[in-house]
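Me: I would like to learn how to read a model of a protein chain. Please take me through it one feature at a time.

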Amino acid sequence: MPKMKTHSGAKKRFRVTGSGKLMREQAGKRHLLEHKSSRKTRRLSKDQVVSPHNAKQVKRLLAK
């Protein structure tokens, strides 16, 4: 059976930490930032752990 290829869209959106957790960026930091408070944009800058519900699917896309 051939090797499974990494999904190119997924590799741009998710990363795996050293301990094996899947991280993702938060939505809402791309545009229309002028009316959002600095506090909100700082909060949106932090990466989030992918929920366990979606982690299995993301791991498959990343061929891990």
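What follows goes from the whole chain to one residue.

Reply: This is a predicted model, in which local features need pLDDT of at least 70 and side-chain atom pairs count only at pLDDT 80 or more, while totals for chains, interfaces and linings use all residues. Residues are numbered from 1 along each chain as its sequence is written, and side-chain values use heavy atoms, with hydrogens and water left out.

Me: Which elements does the chain have, and in what order do they run?

Reply: Helices (H or I, at least four residues) and strands (E, at least two) are DSSP runs, numbered from the N terminus. Here there are three helices and three strands, and the order from the N terminus is α-β-β-α-β-α.

Me: Is the chain spread out or a compact globule?

Reply: The radius of gyration is taken over C-alpha atoms, and the globule rule is 2.2 Å times the number of residues to the power 0.38. For 64 residues the rule gives 11 Å; the chain has 15 Å, well over that, so it is more spread out than a compact globule. Its C-alpha atoms fill a box of roughly 50 × 20 × 20 Å along the principal axes.

Me: Is Thr41 buried or exposed?

Reply: Buried means under 20% relative accessible area, exposed over 50%, partly exposed in between (1.4 Å probe, protein chains only). Thr41 has 14% relative accessibility and therefore counts as buried. Across the chain, buried residues make up 17% of the 64 residues.

Me: Where does Thr41 sit, and which residues is Thr41 in contact with?

Reply: Contact means heavy atoms within 4.5 Å. Thr41 belongs to helix H2 (residues 38–45). Leaving aside neighbours within four places in sequence, Thr41 contacts Lys29, Leu33 and Lys36.
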